[in-house]
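This report describes selected local features of one protein chain. Please keep the sequence and the 3D view at hand while reading.

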Amino acid sequence: MKTTATAPSNIAFIKYWGQKNQLLNIPLNDSISVNLDNLFTTTTVQFDPKLKKDSVSIDGKSEAKEVKRVSSLLDTIRNIKRSKEFAKVVSVNNFPKGSGLASSASGFAALAVAATAAAGLKLSEKELTTIARLGSGSASRSIPSGFVKWEKGKDHSSSYAHSIHPKNHWDINIIAVILSNFEKKIGSAQGHAMASTSPFYQARLKNLPSKIKDLEKALIKKDLKTFCGIVEQESLEMHSIMLTSTPSLIYWLPASIEVMKLCQKMRADGTLVYFTFDAGSQPILFCMQKDTKNVLKNIKAVKSIKKIIVNKPGDGAKLTNKHLF
Ligand code: PMV
């Protein structure tokens, strides 16, 4: 059977940074995110008894490191199905991969949904989030719809993601500002492993539970100022951990800082707009939909912007019949 799935990228309000179990991608803290409706991966999978190995194409390329990660998730699915059949996998992203826009989240969520369906497995959403998590932790949050919480759990089955609000809970825009199309040199797997070398990491873990409670309350109330105040602080905190890890991780570009300062200026001028970053240089901005036009007008002053993609909170991963081969 040939099956195709699409899955959105997601951006975390509360970040996942640091792992309890590297093999299973079990995090040291809960995280909360929203799906981005205009940044997504589409993946078609077909298991084929004639294949001698997995055939994997991602954005037209077949890089050994990526093929290995895809095959490893396919192995998990083959083990559940008790099958030895290899698969053909074709995947495309509608945005630059590996540059800090969570392409591994959308990629592994789409792969988990397409490959389990292609294998004829009927899994619950909760189980799908745990399988996607094995490919990339944050991929677990790209399976459910809208605003999503990933419970850190303590083992494979208890570390899962679920929707906490539907996509229409709040009419915010999430604006991805693409400053660089280059793939980052240090991926998140290496970053997670280094997190605990920061002298500030234990303080972060200690303070997170109360921060998460405050953020969840502000999300229920749709209180943008309080909510995004926490979101910005959280992003700066994660980057402080990165900056103070050994070796130090510096993901920002000069223009990343320019955008942060511009957000502060826009706020001083009366427009409520806030920023966050993943493990990369691209700022992601939050504002109410009614303010987007004004934010876009201001942000265009930053010369090195390559592209701007405006998103709304989006659906989770789903099957489609628009196959890629
Ligand atoms: O899922 P990973 O291993 O690519 O880690 C993602 C980590 C961040 O994007 C930096 C934060 C997050 O919660 O998405």
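Helices (H or I, at least four residues) and strands (E, at least two) are DSSP runs, numbered from the N terminus. The model is predicted, and local features need pLDDT of at least 70, side-chain atom pairs count only at pLDDT 80 or more, and totals for chains, interfaces and linings use all residues. Residues are numbered from 1 along each chain as its sequence is written, and side-chain values use heavy atoms, with hydrogens and water left out.

## Buried residues

Lys15 sits in the loop between strand 1 and strand 2. Lys15 counts as buried, with 1% relative accessibility; buried means under 20% relative accessible area, exposed over 50%, and partly exposed in between (1.4 Å probe, protein chains only). Contact means heavy atoms within 4.5 Å. Apart from neighbours within four places in sequence, Lys15 is in contact with Asn29, Ser31, Arg204, Glu234, Ser235, Met238, Thr276, Phe277 and Asp278.

Thr4 belongs to strand 1 (residues 2-14). Thr4 is buried, its relative accessible area being 0%. Which side chain does the side chain of Thr4 make a polar contact with? The partner is the side chain of His323, at 2.6 Å. A polar contact is a pair of N or O atoms within 3.5 Å; within protein, one must be able to donate a hydrogen and the other to accept it, and residues adjacent in sequence count only if both atoms are side-chain atoms. Leaving aside neighbours within four places in sequence, the residues in contact with Thr4 include Thr42, Thr43, Thr44, Ala114 and His323.

Asn311 is found in strand 12 (residues 307-311), and it counts as buried at 0% relative accessibility. The side chain of Asn311 reaches the backbone nitrogen of Asn38 at 2.8 Å. Beyond four places in sequence, Asn311 also has contacts that include Leu36, Asp37, Leu39, Ile172 and Asn173.

Phe147 is part of strand 7 (residues 147-150), and at 0% relative accessibility Phe147 counts as buried.

| Pair | Separation in sequence | C-alpha to C-alpha distance |
|---|---|---|
| Phe147 and Pro313 | 166 residues | 7.4 Å |
| Asn311 and Asn38 | 273 residues | 5.4 Å |

## Helix pairs

Two packed helices are described by the angle between their axes and the distance between the axes. Axes are lines fitted to C-alpha atoms, for helices over the stretch in contact, and angles run from 0 to 180 degrees between N-to-C directions.

The axes of helix 5 (residues 201-221) and helix 6 (residues 224-243) cross at roughly 160° and come within 10 Å. Helix 5 is therefore roughly antiparallel to helix 6. Angles under 35 degrees count as roughly parallel, over 145 as roughly antiparallel, 65 to 115 as roughly perpendicular and the rest as oblique. The crossing of helix 5 and helix 6 is left-handed; a crossing is left-handed if the near helix is turned anticlockwise from the far one by less than a right angle, and right-handed if clockwise. On the side of helix 5, the contact includes Tyr201, Arg204, Leu208 and Lys211, and on the side of helix 6 it includes Thr226, Phe227, Ile230 and Glu234. By class, this contact of helix 5 with helix 6 has 9 nonpolar, 2 polar and 5 charged residues. Ala, Val, Leu, Ile, Met, Phe, Trp, Tyr, Cys and Pro count as nonpolar, Asp, Glu, Lys and Arg as charged, and the others, Gly among them, as polar.

For helix 7 (residues 254-268) and helix 8 (residues 292-299), the axes come within 11 Å and cross at roughly 130°. Helix 7 and helix 8 are therefore oblique to each other, and their crossing is right-handed. Val259, Leu262 and Met266 of helix 7 meet Val295, Asn298 and Ile299 of helix 8. The residues of this contact of helix 7 with helix 8 divide into 5 nonpolar, 1 polar and no charged.

## Backbone features in loops

Where does Lys222 lie? Lys222 lies in the loop between helix 5 and helix 6. Its phi is positive, about 55°, although Lys222 is not a glycine. Lys222 is partly exposed, with a relative accessible area of 40%.

Asn25, in the loop between strand 2 (19-21) and strand 3 (26-27), has a positive phi near 50° and is likewise a residue other than glycine. Asn25 is buried, with a relative accessible area of 10%.

Thr246 and Pro247 are joined by a cis peptide bond, with omega about -5°. Pro247 lies in the loop between helix 6 and helix 7.
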